[in-house]
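Student: I have a model open and would like to talk it through with you. Could we take it piece by piece?

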Amino acid sequence: MINAEEYFLKIAQTVSEQSTCLDKAVGCVITSADNQIIACGYNGAPSKVADCRALLKCRKEYGQSCLATHAEINALIKAGERAKGGKLFVTLEPCFECAKAIINAGIKQVFYSKRNNKNMVYKMDVKSILEYVGITYIYLPLEEKDNGDNSICNN
């Protein structure tokens, strides 16, 4: 049996499969303090805007800016005031902009399952600012699913 934190991170992992971003798929789940799901979100283009899946290529490859809204922001928008005092579970460590939104939403705990190694200094700022305001910040890697060996057997 898995604990509640792993359970919600696995749900976030499933939510990430709805991502419209071709660069990386990220999912987020927000729960109340007593572990009731409030909202889910994934990264992708804003509503009514052609996403990268529709273009069949990442906008960055066209020299355009990424239009994806981060999973955390989408989940926080859906949760609204209900996020206050809650927990956030996300498949990729939050960026600094998302950390600020997490603080303003009143989230009390953040759990993430994959480190964001893009910028070590930036990442340290995220950890520092969240912990400075009293938000618990926990890295909880998930075991990779073993879907069997898809390679061709040479036996």
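Student: What do β1 and β2 form, and how many residues lie between them?
Tutor: In this predicted model, β1 and β2 form a hairpin with five residues between them, and Asn-35, which sits in the turn, has a positive phi of about 65°.

Student: Which way do those two strands run, and how many bridges join them?
Tutor: Strand β1 and strand β2, the latter spanning residues 37-42, run antiparallel and are joined by five bridges; within that pairing, Val-29 has Cys-40 in β2 as its bridge partner.

Student: And what about β3, how many bridges join β1 to that strand?
Tutor: Four bridges join β1 to β3, which covers residues 87-90, and this pairing is antiparallel. Ile-30 is the residue that stands opposite Leu-88 there.

Student: Is β1 mostly covered or mostly open?
Tutor: Strand β1, residues 27-31, is mostly covered, since five of its five residues are buried.

Student: Which residues are on each side?
Tutor: Gly-27, Val-29 and Thr-31 are on one side, while Cys-28 and Ile-30 are on the other, and with these residues buried both faces of β1 are covered. As a general point, side chains in a regular strand alternate between the two faces of the sheet.

Student: Switching topic: where does Lys-78 lie, and what is it in contact with?
Tutor: Lys-78 lies in helix α3, which runs over residues 71-79. Apart from neighbours within four places in sequence, Lys-78 is in contact with Ala-39, Cys-40 and Gly-41.

Student: How far apart are Lys-78 and Ala-39?
Tutor: They are 39 residues apart in sequence, yet 5.9 Å apart in space when taken from C-alpha to C-alpha.

Student: And what does the side chain of Lys-78 reach?
Tutor: The Lys-78 side chain reaches the backbone oxygen of Cys-40 at 3.2 Å, and Cys-40 is also the bridge partner of Val-29.

Student: Zooming out, what does the secondary structure come to, and in what order do the elements run?
Tutor: The protein has five helices and five strands, and from the N terminus on these elements run α-β-β-α-α-β-α-β-α-β. Of the contacts between residues at least 6 apart in sequence, 60% join residues at least 24 apart.

Student: How much of the protein is buried?
Tutor: Buried residues make up 36% of the 155 residues, and the protein exposes about 9600 Å², with carbon and sulfur atoms supplying 51% of that area.

Student: Last one: what is the mean pLDDT, and where does pLDDT stay under 50?
Tutor: The mean pLDDT is 88, and 88% of the residues reach 70 or more. Over residues 146-155, however, pLDDT stays under 50, and the model has zero contacts beyond four places in sequence for that stretch.

Definitions and conventions. Residues numbered from 1 in each chain as written. Predicted model: local features only at pLDDT ≥ 70, side-chain atom pairs only at ≥ 80, totals over all residues. Heavy atoms only, no water. Contact = heavy atoms within 4.5 Å. Polar contact = N/O pair within 3.5 Å; in protein donor to acceptor, adjacent residues only side chain to side chain. Buried < 20%, exposed > 50% of the residue type's maximum accessible area, 1.4 Å probe, protein only. Pairing = 2+ DSSP bridges. pLDDT = per-residue confidence, 0-100. Areas by Shrake-Rupley, 256 points an atom, 1.4 Å probe, with all protein chains shown as cover.
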